[in-house]
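Here are my notes on this structure, as numbered points. Please read them beside the sequence and the model.

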Amino acid sequence: SSDGQEGGMFIDVGWLRGRSVRLQAEIAMLRATLTETLVLEDSTFTGDYYDLSAGVSAVWLLNRQGPVSPYGLAGIAVHALSSSFGNSVLDQRYNANRFGSHVGAGVRLRAGSARPALFAEVRRVLSDHVDRTEVRFGGVVLLGDLYRRTTGINR
């Protein structure tokens with residue numbers, strides 16, 4: 001168990017499939033403090049580790065018309081871990097690249113047709129040695145549509 005803070009950037013790049021699923025790209029940096037006792041070495045280690053993650057998520061909006069949009073999300077990410085505990089067991093665990101997935105739910109608040117939106121979400125991250133539950137608040141930039149409607153044959 002560890003406690004930490006995370007900061008990042010989220011960009012909603014547009015409609016993915018239909019008019020209720022959007023694609024979101026994200027990058028985040030976590031700094032967490034870990035205290036762990038290794039029985040074999042009869043020692044307790046305390047230090048920080050870092051998790052730089054980059055990923056994509058599919059975001060399912062439940063109400064895409066109104067200013068308040070509840071949503072669910074699922075995605076994948078790569079986690080680049082870094083630490084300097086000075087112990088081979090811990091440093092091997094927290095100095096690696098890991099693949100992970102995440103699921104979550106939240107709500108977005110938009111003001112009219114404005115491109116920026118505010119969000120609040122709860123997310124579960126699943127990745128070796130850095131599984132965690134996060135509560136996130138912030139802003140997201142909404143970019144152009146990826147969804148293209150076909151209206152028939154153009155001649």
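1. **Cavities.** A search of the whole structure finds two cavities of 30 Å³ or more. A cavity here is a set of points, on a 1 Å grid over the protein atoms alone, where a 1.4 Å probe fits but cannot get out. Grid points are joined across faces, edges and corners, and a volume is the space filled by probe spheres set on the points.

2. **Basis.** This is a predicted model: local features need pLDDT of at least 70, side-chain atom pairs count only at pLDDT 80 or more, and totals for chains, interfaces and linings use all residues. Residues are numbered from 1 along each chain as its sequence is written, and side-chain values use heavy atoms, with hydrogens and water left out.

3. **Largest cavity.** Its volume is about 90 Å³. The lining has 14 residues, and E26, S53, A77, R123 and R136 lie nearest the centre. Lining residues are those with an atom within 4 Å of a point. Five strands, β2 (21-38), β3 (43-61), β4 (68-83), β6 (116-127) and β7 (132-142), each supply at least two residues of the lining. By class, the lining has five nonpolar, four polar and five charged residues. Ala, Val, Leu, Ile, Met, Phe, Trp, Tyr, Cys and Pro count as nonpolar, Asp, Glu, Lys and Arg as charged, and the others, Gly among them, as polar.

4. **Second largest cavity.** The volume is about 50 Å³. Q24, Y71, L73, R108, F119, E121 and V140 line this cavity. The lining divides into four nonpolar, one polar and two charged residues.

5. **Largest pocket.** A pocket is an open set of points with protein on both sides within 12 Å along at least five of seven lines. The largest pocket has a volume of about 440 Å³. It is lined by 27 residues, with G4, L30, R132, T133 and E134 nearest its centre. At least two lining residues come from each of β1 (2-17), β2 and β7. Eleven of the lining residues are nonpolar, ten polar and six charged.

6. **Chain layout.** The protein chain holds one helix and seven strands. From the N terminus on, the order is β-β-β-β-α-β-β-β. Helices (H or I, at least four residues) and strands (E, at least two) are DSSP runs, numbered from the N terminus. Buried residues make up 36% of the 155 residues. Buried means under 20% relative accessible area, exposed over 50%, and partly exposed in between (1.4 Å probe, protein chains only). Among contacts (heavy atoms within 4.5 Å) between residues at least 6 apart in sequence, 55% join residues at least 24 apart.

7. **Nonpolar cores.** A nonpolar core is a set of buried Ala, Val, Leu, Ile, Met, Phe, Trp, Tyr and Cys residues joined through side-chain atoms within 4.5 Å. The largest one has eleven residues: L30, A32, L34, L38, F45, Y49, L81, F85, L90, Y94 and V130. β2 and β3 each supply at least two residues of this core. Its largest share, four residues, comes from β2. Leaving aside residues up to four places away in sequence, L30 touches G4, Q5, E6, Y49, Y50, D51 and R132. Another core lies apart from it, with ten residues, among them F10, Y71, A117 and F119.

8. **Aromatic pairs.** The structure holds three. Rings of Phe, Tyr and Trp (its six-membered ring) pair if their centres lie within 6.5 Å; planes under 30 degrees apart count as stacked, over 60 as edge-to-face and the rest as tilted. F85 and Y94 form a tilted pair, 5.9 Å centre to centre with 55° between the planes. F85 is buried at 10% relative accessible area, and Y94 is buried at 5%. Y49, F85 and Y94 form one aromatic cluster.

9. T46 lies in β3 and is exposed, with a relative accessible area of 54%. The C-alpha atoms of T46 and T35 are separated by 4.3 Å, although the two are eleven residues apart along the chain. Not counting residues up to four places away in sequence, T46 touches T33, L34, T35 and F85. P116 lies in β6 and is exposed at 55%. P116 and G139 are 23 residues apart in sequence and 6.8 Å apart, C-alpha to C-alpha. With residues up to four places away again left out, P116 touches R110 and V140.
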